[in-house]
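I opened this entry to keep track of what I looked up. The notes follow the order in which I checked things.

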Amino acid sequence: MEEKTPAPFERGTDGPKVIVVGIDGTQSSWRAASYAAGLARRQGSKLVLVYVQPVLPAGATLGAPVVHTTDEIAEELMAEIRAATERMAGFYDLRWEFHTVRGDPYSAMLQMADELKADAVVVGASESAGHRIMGSVAVRLVKAGRWPVTVVP
């Protein structure tokens with residue numbers, strides 16, 4: 001009997017298995033998370049919520065207060081996610097994970113989506129004027145062309 005070699009990883013062949021969504025506490029990111037959660041629930045996918053803690057250039061801050069602030073934001077986001085999950089317990093079955101990483105939002109989302117072998121990425125539309133200089137995270141993720149990207153207004 002001939003042994004079959006395992007099939008290579010294939011993205012999106014039977015619907016998304018892993019949906020990665022970026023959250024940062026803004027209204028657009030919560031809408032993106034809600035949209036992604038509904039998609040994950042309907043598709044039977046795992047939802048991976050990612051908070052990227054910003055890393056500021058040396059000398060831009062006085063140090064520790066910024067790190068503690070971003071840690072507090074991550075804890076608050078996790079608490080809100082847990083509370084929402086508990087409210088839905090018994091109504092919906094949703095597999096999810098929460099990750100916090102430090103870095104540039106684009107690079108961190110790119111890395112997380114690749115590491116988790118994401119089939120889809122969901123982000124909120126930018127609420128910042130700074131994206132005019134660097135390009136929004138959403139546009140940069142779309143241009144990466146590695147997975148379908150949904151931008152939620």
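I took buried to mean under 20% relative accessible area, exposed over 50%, and partly exposed in between, with a 1.4 Å probe and protein chains only. The model is predicted, so I noted that local features need pLDDT of at least 70 and side-chain atom pairs pLDDT 80 or more, while totals for chains, interfaces and linings use all residues. Residues are numbered from 1 along each chain as its sequence is written, and side-chain values use heavy atoms, with hydrogens and water left out.

Gln53. I found Gln53 in strand 2; helices (H or I, at least four residues) and strands (E, at least two) are DSSP runs, numbered from the N terminus. Gln53 counts as buried because its relative accessibility is 3%.

Whole chain. I counted five helices and five strands in the protein chain. From the N terminus on, the order reads β-α-β-α-β-α-β-α-α-β. Of the 153 residues, 33% are buried.

Helix 1. I looked up residues 27-43, which make up the 17 residues of helix 1. Which residues of helix 1 are buried? They are Ser28, Ser29, Ala32, Ala33, Ala36, Ala37, Gly38, Leu39 and Ala40. An α-helix has 3.6 residues a turn, so residues three or four places apart point the same way. The cover over the buried residues of helix 1 includes strand 1 (18-22), strand 2 (46-53), strand 4 (120-124) and strand 5 (149-152). After helix 1 comes Gly44, with a positive phi near 70°.

Note on methods
Expected span 1.5 Å × (residues − 1). Contact = heavy atoms within 4.5 Å.
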